[in-house]
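Subject: Structure handover

Hello,

Here is the structure I said I would pass on. Please look through it first; my notes follow below.

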Amino acid sequence: MNRKLLKNISITFFANIISMLVSMISTLVIPKLIGTTEYGYWQLYIFYISYAGLLHLGLCDGVYLKYGGREYSDLNFSSLRTEFWILSIYSMCFCGIISIIALLMKLDMNMRYIVWFTCFGAFVHVLRTYLWLILQTTNRLKEYSKIVIADRIVFVVGIVVIALTVQTSFQGLIICDIIGRISSLLIAIFYTKEVVIGKLDFNKKVLSDVIEDISAGINLLIAGIASNFIIGFIRIGIQNNWNIETFGKVSLSLSVINMVLSFISVASIVFFPLLKRLEGKLQLELYKQMDIILNVCTFFILLFAGIGSKLIEIWLPQYQESAFYLILLLPICVYESETAMLLNTYLKAFRLEKNLMWVNAIIMFLSMIFSYITTTCAKNLYMAIVGIDILVLLRVIVLKYILRKRANCVSYKKVIFMEIVSLITYLVSYQVFNIFYAGLIYAVVYTMFVMINFKELKKIVINNIQIGT
């Protein structure tokens, strides 16, 4: 099991290395190629397309939960194939209606382009999501990784071609993104031919499966969308109360955050099918170990806040505000990594997706209120951004509280206390002192954090060495 886990992590790690390199190009090079206004529109498209998951109504998540831990050859291809084409027809109709509405509304041409591109990209995204979640949940991670790599390589090649031949625009960047999505969809179809090609079987059983999968997945869908809106409501507030350039500068910092998150959350892809195959005691023991390891590893990222902000200032002098926003937003990496890699995975494995949905929904509602107060009433951009850190930390605290009894985690209070102290120290230090002294103060706190957990870390390392041998 350990060898198989290592192999799967290695495969997905390589794919995410490619994805991260492309993300670095898009995050750091694209702002060099286009102006701040064009970049703002590009980020608006990225923001809208991030909610494309709403389109499948939870069907993809339901399939993911139902078949978690199974072998690909054991799947009910007839049922999955019919569900796929039902999803395709529904998605096409929905996106077509939205596109027509955008044509009839009084929008400027740039906003129309963004809505149209988003609709088409969302259609492709939903079909690809259905297929690659099947690959993920059946542990076919080699094929999944090739899809990810193809998407990113086609995208970056498109950017290079545009940069060398024509004037770069946000429309051109969006077209490159969509071509990358289409290419990866075609490869996903190739690897899941049994799910896409063949006889369709429209009967009561299949329709019952669709309803069942949507019912199972709707909680995860709402949880995922609510999770996006925790940050999304504040971004909407910024978009409505500041200009498109400010929106783009804040979004640049969030793009850097997402780049880091996509890299460090690589293990979450392989973790769910593995966890479903473990017995109860091993699941609980693994939770305790990962809780400590993730805390130590993710808080380590904050040590590089000052360096990251300085690099952005040097490379993109017109985005100096983004460098400061990056410092404020970097704690998101810590809490989102914990949530994606550990908390969400265990809640899915324990079939506690309703708890996840309600927690995310409540935090989203708080975000909506906080966004209105800070962006519309107070018009305080600093408060709005710091509020994101507080909200994502609050979600971690509540989710860990839900899991503490199920996982028999006796160190819950200690871990939460250290996370709160670390965040307060980090934010206050960078607000009061310059980058050097703030980084030094946080480094001292982080060292203390590691020393407090040193015994547990040592025990985990020794146990895993013994298992490996």
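Where helix H4 meets H10, Leu-59, Asp-61, Gly-62, Val-63, Leu-65 and Lys-66 in H4 are in contact with Asp-209, Val-210, Glu-212, Asp-213, Ile-214, Ala-216, Gly-217, Leu-220 and Leu-221 in H10. Contact here means heavy atoms within 4.5 Å. Sorted by class, this contact has 8 nonpolar, 2 polar and 5 charged residues. The classes are nonpolar for Ala, Val, Leu, Ile, Met, Phe, Trp, Tyr, Cys and Pro, charged for Asp, Glu, Lys and Arg, and polar for the others, Gly among them.

Please note that this is a predicted model, in which local features need pLDDT of at least 70 and side-chain atom pairs count only at pLDDT 80 or more, while totals for chains, interfaces and linings use all residues. Residues are numbered from 1 along each chain as its sequence is written, and side-chain values use heavy atoms, with hydrogens and water left out.

Helix packing

The axes of H4 and H10 are 6 Å apart, and the two helices pack at an angle of about 100 degrees. That makes H4 roughly perpendicular to H10. (Angles of 65 to 115 degrees count as roughly perpendicular, under 35 as roughly parallel, over 145 as roughly antiparallel and the rest as oblique.) Axes are lines fitted to C-alpha atoms, for helices over the stretch in contact, and angles run from 0 to 180 degrees between N-to-C directions. Helices (H or I, at least four residues) and strands (E, at least two) are DSSP runs, numbered from the N terminus.

Buried means under 20% relative accessible area, exposed over 50% and partly exposed in between, with a 1.4 Å probe and protein chains only.

H10 (residues 204–241) also packs with H18: their axes come within 10 Å and cross at roughly 175 degrees. H10 is therefore roughly antiparallel to H18. On the H10 side the residues are Ser-227, Ile-230, Ile-231, Ile-234 and Ile-238, and they meet Leu-381, Ala-384, Ile-388, Leu-391, Val-392 and Arg-395 in H18. This contact has 9 nonpolar, 1 polar and 1 charged residues.

Salt bridges

How many salt bridges does a search of the whole structure find? The search finds 11. A salt bridge is a side-chain nitrogen of Lys or Arg within 4 Å of a carboxyl oxygen of Asp or Glu.

Glu-336 lies in helix H16 (residues 331–349) and Arg-395 in H18 (residues 381–406), so the pair ties together parts that are 59 residues apart in sequence. Glu-336 is buried at 16% relative accessibility, and Arg-395 is buried at 1%.

Another salt bridge joins Lys-310 and Glu-313, at 3.6 Å from N to O. Both residues lie in helix H14 (residues 305–315), 3 residues apart, which is about one turn of the helix. Lys-310 is partly exposed at 41%, and Glu-313 is partly exposed at 26%.

Arg-152 and Asp-151 form a salt bridge at 3.5 Å, N to O, and both are buried. These two also belong to a network of salt bridges that links Arg-128, Asp-151, Arg-152, Asp-177 and Arg-181.

Cysteines

A disulfide is counted when a pair of cysteine sulfur atoms lies within 2.5 Å; the count comes to 0 disulfides. The sulfur of Cys-95 has its closest cysteine sulfur in Cys-119, 5.2 Å away, which is too far for a bond. Cys-95 is buried, with a relative accessible area of 7%, whereas Cys-297 is partly exposed at 46%.

Two single residues

Asn-295 lies in helix H13 (residues 280–301) and is buried at 3% relative accessibility. Leaving aside neighbours within four places in sequence, Asn-295 is in contact with Glu-338, Lys-400, Val-415, Glu-419 and Phe-449.

Lys-379 sits in the loop between helix H17 (353–377) and H18. Its phi is near 50 degrees, a positive value in a residue other than glycine. Lys-379 is partly exposed, with a relative accessible area of 48%.

Regards
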